[in-house]
Amino acid sequence: MEKPNTRLHDENNGLDYVLVGDYYFPALILAEDSRPVGRWGRMYKRYLKEHHPVRYQVLLLSGRLNTYLAYTDAQAEEQLELLTQQMAEREGVNEELKAVNQMEWVQRMNSIQNRAEEVIKNELIFV
């Protein structure tokens, strides 16, 4: 009886397969990029899994998912910081208010932060 090949290459999709037991599994190599994925990246990953499973699988199998999520997370954090700063300037929440009335400053900044996060959540879905 001839021993089966332990490695196969599929020309159609360009993947290599390794024999494990009776089954061939794709021999996937993850990309070297292992930047941490923050909360926005995790939220977007969950969104992709639920609403765009094909896009999620393509990114996962190509080894670009973590890079994509880290990039999305960094963009969302930048946008959140900028939006929070712009809203605070527009509403007059500044260091002077912080010195005069700390509790009001904290309340207003929390409100601004929450509104900015809601904007980011809504925009993140349509990336």
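Where do Lys 121 and Glu 118 lie, and how many residues apart? Both lie in helix α5, three residues apart, or about one turn of the helix. The model is predicted: local features need pLDDT of at least 70, side-chain atom pairs count only at pLDDT 80 or more, and totals for chains, interfaces and linings use all residues. Residues are numbered from 1 along each chain as its sequence is written, and side-chain values use heavy atoms, with hydrogens and water left out. Helices (H or I, at least four residues) and strands (E, at least two) are DSSP runs, numbered from the N terminus.

Salt bridges come next. A salt bridge is a side-chain nitrogen of Lys or Arg within 4 Å of a carboxyl oxygen of Asp or Glu. By this rule the count is four. One of them joins Lys 121 to Glu 118, with the closest N and O atoms 3.6 Å apart. Lys 121 is partly exposed, at a relative accessible area of 30%. Glu 118 is also partly exposed, at 42% relative accessibility.

A salt bridge also forms between the side chains of Glu 117 and Arg 39, at 3.2 Å from N to O. This pair links distant parts of the chain. Glu 117 belongs to helix α5 (residues 102-124) and Arg 39 to helix α1 (residues 39-51), 78 residues apart. Glu 117 is buried, because its relative accessible area is 15%. Arg 39 has a relative accessible area of 35% and is therefore partly exposed.

Glu 91 and Arg 115 form a further salt bridge, their closest N and O atoms being 2.9 Å apart. Glu 91 sits in the loop between α3 (65-90) and α4 (95-100), and Arg 115 in helix α5, so the pair ties together parts that are 24 residues apart in sequence. Glu 91 is partly exposed, with a relative accessible area of 28%. Arg 115 counts as partly exposed at 35% relative accessibility.

The strands form an open sheet. Its three strands run in the order β1-β2-β3, with antiparallel pairing. The edge strands are β1 and β3, each of which pairs on one side only. From one strand to the next, the twist averages 35°. Two strands pair if DSSP finds at least two bridges between them. β2 and strand β3 (residues 23-26) pair in the antiparallel sense over four bridges. Tyr 17 has Pro 26 in β3 as its bridge partner. Val 20 stands opposite Tyr 23 in β3. β2 and β3 form a hairpin with two residues between them. In the turn, Gly 21 has a positive phi of about 70°.

Asn 13 lies in the loop between β1 (7-9) and β2 (16-20). Its side chain makes a polar contact of 3.0 Å with that of Tyr 17. A polar contact is a pair of N or O atoms within 3.5 Å; within protein, one must be able to donate a hydrogen and the other to accept it, and residues adjacent in sequence count only if both atoms are side-chain atoms. Asn 13 is partly exposed, because its relative accessible area is 40%.

Helix packing was examined for α1. Two packed helices are described by the angle between their axes and the distance between the axes. Axes are lines fitted to C-alpha atoms, for helices over the stretch in contact, and angles run from 0 to 180 degrees between N-to-C directions. α1 and helix α2 (residues 53-62) pack at an angle of about 120°, with their axes 5 Å apart. The two helices are therefore oblique to each other. Angles under 35 degrees count as roughly parallel, over 145 as roughly antiparallel, 65 to 115 as roughly perpendicular and the rest as oblique. On α1 the contact (heavy atoms within 4.5 Å) is made by Tyr 44, Lys 45, Leu 48, Lys 49 and His 51. On α2, Pro 53, Arg 55, Tyr 56 and Leu 59 take part.

Helix α3 holds Thr 72 and Leu 83. Thr 72 is buried, at 6% relative accessibility. Not counting residues up to four places away in sequence, Thr 72 touches Tyr 44 and Leu 124. Leu 83 is buried, with a relative accessible area of 18%. With the same exclusion of residues up to four places away, Leu 83 touches Ala 116 and Val 119. The C-alpha atoms of Leu 83 and Gln 113 are separated by 8.8 Å, although the residues are 30 apart along the chain.

Methods. Buried < 20%, exposed > 50% of the residue type's maximum accessible area, 1.4 Å probe, protein only.
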